[in-house]
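Me: I have a structure open and would like to learn how to read its features one by one. Could you walk me through them?

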Amino acid sequence: MFDRSLRVTVLGSATPFPRPGNACSGYLVEGGGVRVWVDAGTGTLAELQRHVALGDVDAVWVSHLHADHSADLLTFYYALLYAGLGTALPVPLFGPVGIADRLAGFLTNGPARSPVETAFDVQELYDGQVARVGGLTLTSRAVEHGLPAFALRVEDEDGRSLVYSGDCEPCPSLVELARDCDLFVCEADGETPGHHSAVQAGRTAAEAGAGRLVLTHVGSALAPGEAVALAAGAYEGDIVHADPGLRFDVTRQGRTVTRRSRTPGRTTTSPASSR
Ligand SMILES: [Zn+2]
């Protein structure tokens, strides 16, 4: 009998390059008896190993092919094929159209195609795609980022849900995907084409009726606390910044519990959401 909780751990939230102590975008989603690595941004492969053995990753889901969300697929590929992890290959890899060719082209040392498909069972995403991984349902929606890009909703068999925006500007498909979710992880890079500002992240969370908002991928123009304060002007629920190492146990709306997983003994419990 597996642990029936649904949780997400922040592996990194820096943009557009990793900082000491904060990798680029990446999250570990655990639930339904499986572990899914969501976005493989620079530095997240190392952080992932704080929480799970690499051989125990059941699937990888990548929102888009910008390096700050996908670069560590390159090193994961080597680990899977050459590090003797004992993983059952290939590992399911969900990503935008062209992801297999992109990896194969980057990794090859000559005219021959790199054996990407030996490491990964590549499944290209499309708008509205629904996939099952263990006891989790993964729904992907196309979002606006100026290139093929997706947001993700993860639901477990007990009805808990979390939604991740990937990188995108405000768009109806994201609001639909995030409708009434328990936890909404939304980027807040800044008010530029292809991204949300902190205020816009708050608005999207409010429009969707999300139970709780986690601000991630906050651009360098704002400190995390400033971004949270700005989002709070548009969204009445609880808002937390995606500090690296933070873990969220997702429960039905209003009862999500936050733990700082890197510092055992300093567990904190957030106040209940007002929603
Ligand atoms: Zn990004």
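Reply: Gladly, and let's begin with a strand pair: β1 and strand β2 (residues 26-31) run antiparallel and are joined by five bridges. Within that pairing, T9 has L28 of β2 as its bridge partner. Please keep in mind that this is a predicted model.

Me: Which other strand pairs with β1, and in what sense?

Reply: That is strand β14 (residues 246-250), which pairs with β1 in the antiparallel sense over four bridges. Here R7 has D249 in β14 as its bridge partner.

Me: How many residues of β1 are buried?

Reply: The general idea is that side chains in a regular strand alternate between the two faces of the sheet. In this structure, seven of the seven residues of strand β1 (residues 6-12) are buried, which leaves the strand mostly covered.

Me: What about E30: where is it found, and what is it in contact with?

Reply: E30 is found in strand β2. At 14% relative accessibility E30 counts as buried, because the cut-off for that word is under 20%. Leaving aside neighbours within four places in sequence, E30 is in contact with S5, L6, R7, T9 and R35.

Me: How do I read a helix, say α3? Which of its residues are buried?

Reply: An α-helix has 3.6 residues a turn, so residues three or four places apart point the same way. In helix α3 (residues 73-82), the buried residues are L73, F76, Y77, A79 and L80. These residues lie on the same side of α3 because they cover an arc of only 165° around the axis. Just after α3, G84 takes a positive phi of about 60°.

Me: Let's turn to the metal. Which residues are the protein donors of the zinc ion?

Reply: The zinc ion has D68 (OD), H69 (NE2), D167 (OD) and H217 (NE2) as its protein donors, at 2.1 to 2.3 Å. Along the sequence, their spacing reads D-H-x97-D-x49-H.

Me: Why is the arrangement around the zinc ion called irregular?

Reply: Ideal angles for four tetrahedral donors are 109.5 degrees. Around this zinc ion the four donor atoms subtend angles of 90 to 161°, so the arrangement is irregular. To count as tetrahedral, all the angles would have to lie between 85 and 135 degrees.

Me: What should I know about the backbone of H217?

Reply: Most residues other than glycine have a negative phi, and most peptide bonds are trans. H217 has a positive phi, near 55°. This histidine is found in the loop between β12 (212-216) and α8 (224-232). D180 likewise has a positive phi, near 60°, and its place is the loop between α6 and β11 (183-187). With 47% relative accessibility, D180 counts as partly exposed.

Me: And where are cis peptide bonds found?

Reply: One joins T15 and P16, with omega about -10°; P16 has its place in the loop between β1 and β2. Another joins L89 and P90, with omega about 0°, and P90 is in the loop between α3 and β5 (91-95).

Me: I clicked on A201. What surrounds it?

Reply: A201 is found in helix α7 (residues 198-208) and counts as buried, at 0% relative accessibility. Setting aside neighbours within four places in sequence, A201 has contacts with F184, C186, E187, H196, L213 and L215. Between A201 and A232 the distance is 9.6 Å, C-alpha to C-alpha, while in sequence they are 31 residues apart.

Me: How should I read the confidence of the model? What is the average pLDDT?

Reply: The protein averages a pLDDT of 90, and 91% of the residues score at least 70. Over residues 262-275 pLDDT stays under 50, and for this stretch the model has 29 contacts beyond four places in sequence.

Notes. Residues are numbered from 1 along each chain as its sequence is written. This is a predicted model: local features need pLDDT of at least 70, side-chain atom pairs count only at pLDDT 80 or more; totals for chains, interfaces and linings use all residues. Side-chain values use heavy atoms; hydrogens and water are left out. Donors are N, O and S atoms within 2.8 Å of the metal (3.2 Å for Na, K and Ca); water is not among the atoms, so sites may look incomplete. Four donors count as tetrahedral if all angles lie between 85 and 135 degrees; four count as square planar and six as octahedral if opposite donors are over 155 degrees apart and all others between 65 and 115; anything else is irregular. pLDDT is the predictor's confidence in each residue, from 0 to 100. Contact means heavy atoms within 4.5 Å. Buried means under 20% relative accessible area, exposed over 50%, partly exposed in between (1.4 Å probe, protein chains only). Helices (H or I, at least four residues) and strands (E, at least two) are DSSP runs, numbered from the N terminus. Two strands pair if DSSP finds at least two bridges between them. The arc is that of the directions from the helix axis to the C-beta atoms.
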